[in-house]
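Subject: Structure handover

Hello,

Here is the structure I said I would pass on. Please open it next to this message and follow along.

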Amino acid sequence: ELILLFRINSTSFENGVQLQVVQWTYALFPESTGTLNIPSQMFTASIGVPDPFDSFFNRNSAPSRRVVARTASTTLEVLPPATDAEHPQWFAAKDVKIASSWLGNSAQIRVGKPITRSITIQATGQRAAAIPDPEISSGAFKSYPDQPQLEETTSRENVVGVLRNSIALVASQAGELEIPEVRLPWWDSSAGIWRDAV
């Protein structure tokens with residue numbers, strides 16, 4: 001899968017000739033291991049041919065010629081997931097953060113009255129759809145999760161995927177109750193090691 005991260009239009013000069021430069025930056029997400037062949041990309045354009053007798057060259061009305069340019073083809077070797085017995089679920093990213101917040105007054109929780117906990121997972125360098133649902137244990141609470149919400153943004157260098165979970169929690173007994181941590185193992189694709197977001 002290809003995701004367009006960034007497109008920039010600029011101009012430069014070469015030997016006194018003004019050039020229009022268009023640059024596309026993509027994020028590539030291979031779906032399987034093995035050799036991945038990326039074919040050359042073809043670009044076509046029309047170049048205006050100025051009339052030497054027209055000092056006020058108008059590119060819209062002047063004759064033009066069609067040009068074709070191709071990029072070089074590329075071959076990549078896609079490695080298998082670095083899963084093991086401790087990490088059976090593969091989730092790779094450049095950075096992963098988990099944040100937790102409460103909707104409502106978490107200082108006054110009463111038996112039978114719901115309070116909503118929101119958990120947000122942000123993964124830099126990964127699509128939102130690839131973020132796994134975290135294992136959320138509610139402890140001594142009954143839990144009622146909402147449908148997760150997915151968001152995705154792109155910058156000049158990265159895709160940033162966001163998964164938001166909202167869970168309504170209802171305490172079934174009074175007293176001091178503990179809500180377990182949320183822990184998500186992820187593969188740091190920059191450092192080549194497993195990490196935990198907590």
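What follows is a short account of what was found. Please keep in mind that this is a predicted model.

Overall make-up

The chain has 14 strands and 0 helices. Read from the N terminus, its elements run β-β-β-β-β-β-β-β-β-β-β-β-β-β. The radius of gyration is 26 Å, whereas the globule rule gives 16 Å for 198 residues, so the chain is more spread out than a compact globule. The C-alpha trace spans about 90 × 40 × 25 Å along its principal axes.

Of the 198 residues, 24% count as buried. The chain exposes about 13900 Å², and carbon and sulfur atoms supply 49% of that area. If you take the contacts between residues at least 6 apart in sequence, 63% of them join residues at least 24 apart. As for charge, there are 16 positive and 20 negative charges, and their mean positions are 6 Å apart.

The nonpolar cores

The largest nonpolar core has 18 residues, and Phe91, Val96 and Ile98 have the most contacts inside it. Strand 8 (95-103), strand 9 (114-124), strand 12 (159-171) and strand 13 (184-188) each supply at least two residues of this core.

With its neighbours within four places in sequence left aside, Phe91 is in contact with several residues, among them Val96, Ala123, Ile131, Leu184, Trp186, Trp187 and Trp194. Gln126, Ala130, Pro132 and Pro185 are also among the contacts of Phe91.

Is Asn165 buried or exposed? Asn165 has 7% relative accessibility, and because the cut-off for buried is under 20%, Asn165 counts as buried. Asn165 lies in strand 12. Apart from neighbours within four places in sequence, Asn165 is in contact with Arg117, Ser118, Ile119, Asp133, Pro134 and Pro148.

Asn15 is found in the loop between strand 1 (2-14) and strand 2 (17-28). At 78% relative accessibility, Asn15 counts as exposed, since the cut-off for exposed is over 50%. The phi angle of Asn15 is near 55°, which is a positive value in a residue other than glycine.

Regards

Notes. Residues are numbered from 1 along each chain as its sequence is written. This is a predicted model: local features need pLDDT of at least 70, side-chain atom pairs count only at pLDDT 80 or more; totals for chains, interfaces and linings use all residues. Side-chain values use heavy atoms; hydrogens and water are left out. A nonpolar core is a set of buried Ala, Val, Leu, Ile, Met, Phe, Trp, Tyr and Cys residues joined through side-chain atoms within 4.5 Å. Buried means under 20% relative accessible area, exposed over 50%, partly exposed in between (1.4 Å probe, protein chains only). Helices (H or I, at least four residues) and strands (E, at least two) are DSSP runs, numbered from the N terminus. Contact means heavy atoms within 4.5 Å. The radius of gyration is taken over C-alpha atoms; the globule rule is 2.2 Å times the number of residues to the power 0.38. Accessible areas come from the Shrake-Rupley method with a 1.4 Å probe; for residues, only the protein chains shown count as cover. Lys and Arg count as positive and Asp and Glu as negative; His and the chain ends are not counted. The place of a charge is taken as NZ of Lys, CZ of Arg, CG of Asp or CD of Glu.
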